[in-house]
Amino acid sequence: MARFAGKIGYSDTIQIRPGVWVDHITEREYRGDVLRDSRSLDGAADKLNDDLSINNSFSVVADPYAYQNFHAIRYIWWMGQRWKVRTVEVQRPRLLLTIGGVYNGPTA
């Protein structure tokens, strides 16, 4: 089983002026294990290039912040790239994260 050490990005929506809301990203460092390591190429007839999808699962040792904000997790830094977190499962003292495609949203 491979080890994981990296950042997890949390999103919080804040109002910068009346009627204008933006996502504010906070990154925190975590350690854990890579439980599953797999990938797939999602091709469609209307696309020139296939989409890369990673179906990896991570088990990270959580802190109180992670337990209180697990619903706000947006991405995980892994192998030099930000990946979207598709699912988060709370299994104290850990969080189980499953990732999907490349994350292209706001960053810290």
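Strand β5 (residues 57-61) pairs with strand β8 (residues 94-102) in the antiparallel sense, over five bridges. The model examined here is predicted. Within this pairing, phenylalanine 58 stands opposite leucine 97 in β8. Strand β5 also pairs with β2, again in the antiparallel sense, over four bridges. Here valine 34 stands opposite phenylalanine 58 in β5. Strands of a sheet pair through backbone hydrogen bonds, either parallel or antiparallel.

Strand β5 is largely enclosed by the rest of the structure, because four of its five residues are buried.

The largest nonpolar core holds 20 residues. Ile8, Phe58, Ile76, Trp78, Leu95, Leu97 and Ile99 touch the most other members. At least two core residues come from each of β1, β2 (20-36), β5, α1 (64-68), β6 (73-78), β7 (81-91) and β8. In soluble globular proteins, nonpolar side chains tend to be buried together.

Leucine 95 illustrates the contacts made by one of these core residues. Residues up to four places away in sequence are not counted. Leucine 95 touches Phe58, Ser59, Val60 and Ala62, among others. Its contacts also include Ala66, Tyr67, Phe70 and Ile73. Val88, Glu89 and Val90 are touched as well.

Lysine 7 is found in strand β1 (residues 2-17). Its relative accessibility is 32%, so lysine 7 counts as partly exposed. The cut-offs place partly exposed residues between buried, under 20%, and exposed, over 50%. Lysine 7 touches Glu27, Arg28 and Glu29, and also Tyr75, Ile76 and Trp77, with residues up to four places away in sequence left out. One of these contacts, Ile76, is among the core residues that touch the most other members. Lysine 7 and tyrosine 30 lie 23 residues apart along the chain, yet their C-alpha atoms are separated by 6.1 Å.

Definitions and conventions:
Residues numbered from 1 in each chain as written. Predicted model: local features only at pLDDT ≥ 70, side-chain atom pairs only at ≥ 80, totals over all residues. Heavy atoms only, no water. Buried < 20%, exposed > 50% of the residue type's maximum accessible area, 1.4 Å probe, protein only. Contact = heavy atoms within 4.5 Å. Pairing = 2+ DSSP bridges. Core = buried A, V, L, I, M, F, W, Y, C linked by side-chain atoms within 4.5 Å.
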